[in-house]
Amino acid sequence: METFMTIVAGILLTIGTYLVLSRSLLRIILGLSIFSHGAHLMLLTMAGLKQGAAPLVGEQTGTYTDPLPQALILTSIVISFALTAFFLVLGYRTYVELGTDDMRELRGENDE
Amino acid sequence: MNNLVVFPILLPLLSGISMFFFRDRIRLQRKVAVNGLLATLAVSLILVGMIAQNGVQVLHIGGWEAPFGITLVADMFAALLLTTASIVSLACLIYAFHSTDEAREKFYTYPFLMLLVCGVNGSFLTGDLFNLFVFYEVMLIASYVLLSLGGSKIQLRETIKYIAINIVASMLFVIAIAYLYAVVGTLNMAHLSERVAEIGQDGVITTISLLFLLVFGLKASLFLYFWLPGSYSAPPPAIAAIFAALLTKVGIYSIIRMFTLVFYHHPEVTHTIMIWLAALTMILGAIGAIAHWDVKKILNYNVIVSVGFIVFGIGLSHADALSGALFYLLHDMIAKALIFILGGAMISIAGTHNLREISGLISHHPALGWLFFLVALALAGIPPLSGFVGKVMILQGGVEKQFYSVVVISLITSLMVLYSVMKIFINGFWGETILSEEEEKSTGRGILIPGSILAALIILLGIGADWAMVYVEQAVEVLVNPSIYINAVFTQP
């Protein structure tokens, strides 16, 4: 299961990288978002997927699942959600101000 | 347990949040911001005193003991950086009062400045790797806002690049944390150090450490600096000054922390790579600094050169060189803030950042000119100013470890740095005065208070180097003996 999830994370990172390398700003933002999801999946997978019962005192089993990666991934998802929201607004504002979302035209000139 | 440790995070955070509630009352905001930073400075100084007497101070948040809860650790290294960061941000804040336009002030410049300081201080204090990532994000989100605030074309364009680079770096950070957690099963730094020492730093862990070096290198602009010259020239001068003084330094702090506390077992691999990356950074940065005729670009490339030099000191893994690197780090925070403030003032007076169009400013602004001259000498490491001591110690370490070629590179690049800042001084301040006082775009007032505070510190640090070295050596003692740090985290109740 871990191997499969690692491959899925790898595919997500590949898609993310591909989109980041494109010229349209919106594709870059979505690419970064998918890239983050790949990283999050990796974080969850690396610690080992479900190995036992829920980590509660009342559960009467010997093995428990490690709760820490889930706390970490939650934090990381919230952060990347906020960043994506900010980035989308910034992208829209850039489109309004500069009139383009093509990265080649956003290179800028030296005389500004 | 020492509750004082959390205050350098809490004070900027609370004063920053409280300012959101009175957006239009700029005078009140200024007072709150200054008082918040003064209080942070006071707490940092008390912490330095306590650590000098009683050793490393630890706070287990919520009473959850390490390694289960999140730990805040204030060792001398962190406390010195906290103190310097508070002074530097205070100076930049005072300069921001004069250089920021009213629209930006009304749209939360000061609250975000405080949140930025909160993130920086948190990164210095945290003893948990994932928590370090979170504080990085606090700092970065505040920096995204400060960078794009105002919405001019160049700002929007540069913010896009800056955010994209930083999101990729942050996600690589998460992946590196995931790998490390998979191998050693903990994220508390003291616990990490113990476990890595127990199982030995094998090939897998060394590879992970190189991934961390890549991540921190992106943040500190170690070799991967291509984003820096553009994005640091976009924001208003006071913001650029605080970015140059603090943001890359947090990356350097993380490199020092991780590679002295956790990944110190194979310096022949990790630290050698670091040294050669540092050498390349210095060369490329110095070439950038002498190639440009744009005040902002020259100063930005200077940031890169000094990052290379400090990382060279770290990579030598030699106690004296590490003291030198630490001393130079403190010096560089102050000097970079000062030179960015002065450069910003030059640009706002002349109304252009093209050096060819600036001339003869010294006739109307003697104080600005001489302060610039002073900090230019300090950057190049002329005694008795503060850059000298650190530079000598790092170079001595380099000679002892027989990295002669890198020593030569650092000497040549510091000459190139001197040339690049003298180019600004000679072209900008000497020569024919082309602007009369009425034609100037701004008065350039407002640099005098922050400028003289920072300049006094540069002179004091240089002359009183022996006195400062006592504290720096205490900091290095903890860095070279990770057991002191580990014991403090695990034995303090």
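1. On the classes used below: Ala, Val, Leu, Ile, Met, Phe, Trp, Tyr, Cys and Pro count as nonpolar, Asp, Glu, Lys and Arg as charged, and the others, Gly among them, as polar. By that scheme the lining of the largest cavity divides into six nonpolar, five polar and three charged residues. The model is a predicted one.

2. Four cavities of 30 Å³ or more are present in the structure.

3. Lining of the largest cavity. There are 14 lining residues, and those nearest the centre of the cavity are B:Val305, B:Ser306, B:Tyr328, B:Lys391 and B:Val417. Three helices of chain B, namely helix 13 (295-315), helix 14 (319-350) and helix 17 (404-429), each contribute at least two residues to this lining.

4. Lining of the second largest cavity. The residues here are B:Tyr136, B:Met139, B:Leu140, B:Tyr162, B:Asn166, B:Lys219, B:Trp227, B:Tyr232, B:Leu247 and B:Gly251. Two or more of the lining residues come from each of helix 6 (129-148), helix 7 (153-184) and helix 11 (237-261) of chain B. Helix 6 of chain B gives the largest share, three residues.

Technical notes
Residues numbered from 1 in each chain as written. Chains lettered and ligands numbered in written order. Predicted model: local features only at pLDDT ≥ 70, side-chain atom pairs only at ≥ 80, totals over all residues. Heavy atoms only, no water. 1 Å grid on protein atoms, 1.4 Å probe; cavity = no way out; pocket = protein on both sides within 12 Å on 5 of 7 lines; lining within 4 Å. Points joined across faces, edges and corners; volume = space filled by probe spheres on them. Helix = DSSP H or I, 4+ residues; strand = E, 2+ residues; numbered from the N terminus.
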